[in-house]
Each structure stands twice: as structure tokens, then as C-alpha cells.
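Hello,

Here is the structure we discussed. My notes follow below it.

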Amino acid sequence: MPTLDLANAKPVVVPPATTEPRALPAKPSLVGQGRDELKAALASIGIEGREARMRVSQLWGWIYQRGARTFEEMSNVSKHLRQALAEAYTLDRPEVVAEQVSQDGTRKWLMRIPPSMAGEKWHEIETVYIPTRDRGTLCISSQVGCTLTCSFCHTGTQKLVRNLTAAEIVAQVIVARDHLGDWPGQVPPEGAFVPTDGGRFVTNIVFMGMGEPLYNVENVTGALMTLLDPDGLQFSKRRVTLSTSGVVPEIGRVGAETGVALAISLHAVRDDLRDELVPLNRKYPIAELLEACRAYPAASNARRITFEYVMLKGVNDSIDDARRLVRLLKGIPAKINLIPFNPWPGSRYECSDWEQIERFSEVVFEAGYSSPVRTPRGRDILAACGQLKSETERLRAKDKAALMSKAEQDAFRAMSMVD
Ligand code: SAH
Ligand code: SF4
């Protein structure tokens, strides 16, 4: 198993970055568009009714199953229609401003998306790919920034800039597949680490990048429809996980509408502490959150809910906390995901000691829960966590930009998800 060495991640592709505000695209792109949007796009060039329905499936096939970059290559679409489409639309992807590849094969892409208004600064979002031998997990963002202010989360310090559109959420998957050569007839870049089981390279999606997906629920649901559709990107709903800090009123709805797997950022077992770590808890306290979990449509033994628990030294990592945690989750089909805290400059917490995480995870394990940090891969992550922690002082002294970039933190977390 390759070791996690994000500290040595080397930028392999860094196209010239411009900071100049660019003009907004002259023509809209069809990449990332849902069925209804595509239907409207076709209507605007005079195609409606039954023909439109048929054309939507055809175009979706080209865009989402073959990764088409030009209308020209759509050989079963009439020349006339290809021309009409090209006059009004593009198949442009968000611009990738940098791609970084870690020694363990983890990749991150920094993408640029347009502002809501011309003349404003373009936004940057990050998407991270974490491969293992039999799966490739893509960690995607749902917002630029976040309105919530979880005290241990770096994103929580940035105010919300804007929600991503459904198309921008889907486009992150398209860009990843482009860069991995994950379309029929393509090969991965030389030396790339991708699953070797003969299947697709992006097999799983986690909404664990920037933002709170359930505060952008319309667009996230729209994106999920395209990601899960058998005519669209064809992901199985079992392989898509939505992580939420606990927006109780939206949990049931997204479950009923999409059936994707659910991850809850729990992080504390007492309301007073959770109020501090995840301030949304003041609105939706633990008991209400767990009630929504019990009622989650997809929850069954086969489809357990993942509870994320960030390990904060001396804050939430006592054995008593571990015991309360397993008591609290009684009766809910659950997985517990212990996440080593990833420090960032200015953060007021430290990652729990490895021994304490082991003790904590022992209690969880004894109670019958699989405990991802116990796997060899988890050990790598924890080792890295300890290693990074010892470097904290030095980095702080230098006032360096970040101990781990946001993307690396995402990768770190999503790594715990994939075991
Ligand atoms: N907003 C959603 C999804 C994005 S955050 C949510 O909160 O669930 C994805 C996960 O990363 C959450 O469990 C979050 O609590 C965790 N996280 C955020 N900052 C972290 C850090 N510095 N170290 C470890 N986990 C962190
Ligand atoms: Fe937002 Fe999630 Fe970070 Fe909390 S943990 S601030 S909800 S991104």
C-alpha cells in the first residue's frame, strides 16, 4: 500500500495562472447540465417535444459517458444540429489552474469558476482524487466557502462566497475524469495511480470538500440526479456520500429524493461541546440530529450512516467520550469514522495523540463498530498526523501559508472514508 506523502506533493501541471478578471464566457457550456437545463438549451435552438427528449439522451451520452469535448465528434447527431449547438453553446470545462500529484497518487485540481457578476474576481475551488487499488474516490465541493463556522474547520473561517451551481458540481467530476483519462478509449497519464480492476477510475464521490451541501440543497440534489442517472454519469447511489454538519430539516428530503449514503459530522457527544465545535448544533441539537438519522430513508444495516468524529486532543477524545458515543448511536445502523484533526495556522486545537486515538478506537471497536483508523492505511494517516504535528512549531514560526492545504485536508478526510 503506498504511503501518504502529501507533504511532498509535486505540482506536475501548472499552466500560467492569470489573476486578471476575465470576461464571463460568451456562450454557456452544456457540461454539467441536467436534463431540464439541456431541454431548455435545445428549445432555445428550436428543438422541442419528443425530439428534444431523444436528443437530451443522445447529448448526455456524448457528454457524460464519452467525455466529448466538441460537438463535431458527435457522429450520430446531424451536421445541422451540431452546427446549431456549436453556434450557441460550448462543451467547456472549468479552467484548471493547477494540478498537483502526490507521491501516493492523490491528485488535486484547482479550478476557476466565474463570479456571479462580470468584473468580479473569479473563484477557485479544489477537487481531490484519492485512489486505492480497487476504488478511486473523488472529494468534491458544494460551495465556495461556507456560512457555518465550525471552530476546527478552516473553511469555517472563510465567509461564503457563493453556492456552486449543479453544473459546477458535476463539472468537477468531468474535469477529474478528463485528467485521469477516465473515458472509453483513453488511458491514464503515465505513472498515474488509478484502480486496476478494469473499471472506471472515479468510482466513488464524497461531498466533503468545501461547503455545507445541505445549505445548497437544490443544486446538490440537481447534481446528484445527473451523477446517478443511468443515462448520465451512472454512479451507484451506494458510492456517493453526502457529508453534513447536521442540517436536520433537509436530511430526510435529500435521502428520499436521491438515496445517497449519508455522513454526519458529529464530533461531540454532549450538546455543550458540540455547540462550540459545530455551532449549528444550537439550532439542531444532537437528539434531533440523531432522530433524523434514525428516520433516514436509506439507513439499514446494509446502508449504514457514517458518523465522522474529528479527534481533538483533550477536547473530545476521552474514553468517556468514546463510551458515550457508542451509547448515543445505539439502534442506528452506523459506521464511526475517527478523523485525525488536521491543524491549520491559527487553529486552536491539536490532533489527539496516536495512543489516545487507538484507545478511543478500541472502545468503538469493542462496541461492534468497524473502526477505519485501525486499518494499515489508517495507521499511515495517523503516522502522518503525528509527524505533521511535530512540525507544527516550525511551520508556525515561519508563519507558513498552511500546514496542509484545504485540498490535502480533504484528501486526508476522504482517505478515512475509503477504507
Ligand atoms: N460541510 C460538510 C462537508 C464538508 S466538511 C460537513 O461539515 O460535514 C467534511 C468533513 O471534514 C466534516 O466531517 C468536517 O467536520 C471535517 N473537517 C473539517 N475541518 C477539519 C480538520 N481541520 N481536520 C479534520 N476534519 C475536518
Ligand atoms: Fe462548513 Fe463543514 Fe467546515 Fe463546518 S465543517 S465550517 S459545515 S465545511
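Please keep in mind that the model is predicted.

**Overall**

The protein contains 13 helices and 12 strands. It has 419 residues, and 57% of them count as buried. Among contacts with a separation of 6 or more, 68% are between residues 24 or more positions apart. The exposed surface comes to about 18100 Å², and 51% of that is supplied by carbon and sulfur atoms.

**Aromatic pairs**

Searching the whole structure gives four aromatic pairs. Two of them are described here.

One is Trp60 with Tyr64. The ring centres are 5.4 Å apart and the planes are at 75 degrees; the cut-off for edge-to-face is over 60, so this pair is edge-to-face. Helix H2 (residues 49-65) holds both Trp60 and Tyr64, which are four residues apart, or about one turn of the helix. Trp60 and Tyr64 are both buried.

Another is Tyr309 with Phe360. Here the centres lie 5.1 Å apart with the planes at 35 degrees, so the pair is tilted. Tyr309 belongs to strand S11 (residues 305-311) and Phe360 to helix H10 (residues 354-366), so the pair ties together parts that are 51 residues apart in sequence. Both of these residues, Tyr309 and Phe360, are buried.

**Arginines over tryptophan rings**

Arg66 has its charged end over the ring of Trp62, at 4.1 Å from the ring centre.

Arg177 is placed over the face of Trp183, and its distance from the ring centre is 3.9 Å. Arg177 is part of helix H4 (residues 166-180). Is Arg177 buried or exposed? Its relative accessible area is 3%, and buried means under 20%, so Arg177 is buried. Leaving aside residues up to four places away in sequence, Arg177 touches Tyr64, Asp182, Trp183, Arg200, Val202 and Leu233. Tyr64, one of these contacts of Arg177, is also the partner of Trp60 in the edge-to-face pair.

Regards

How values were computed
Residues numbered from 1 in each chain as written. Chains lettered and ligands numbered in written order. Predicted model: local features only at pLDDT ≥ 70, side-chain atom pairs only at ≥ 80, totals over all residues. Heavy atoms only, no water. Helix = DSSP H or I, 4+ residues; strand = E, 2+ residues; numbered from the N terminus. Buried < 20%, exposed > 50% of the residue type's maximum accessible area, 1.4 Å probe, protein only. Contact = heavy atoms within 4.5 Å. Areas by Shrake-Rupley, 256 points an atom, 1.4 Å probe, with all protein chains shown as cover. Phe/Tyr/Trp six-rings, centres within 6.5 Å; stacked < 30°, edge-to-face > 60°. Lys NZ or Arg CZ within 6 Å of the ring centre and 35° of its normal.
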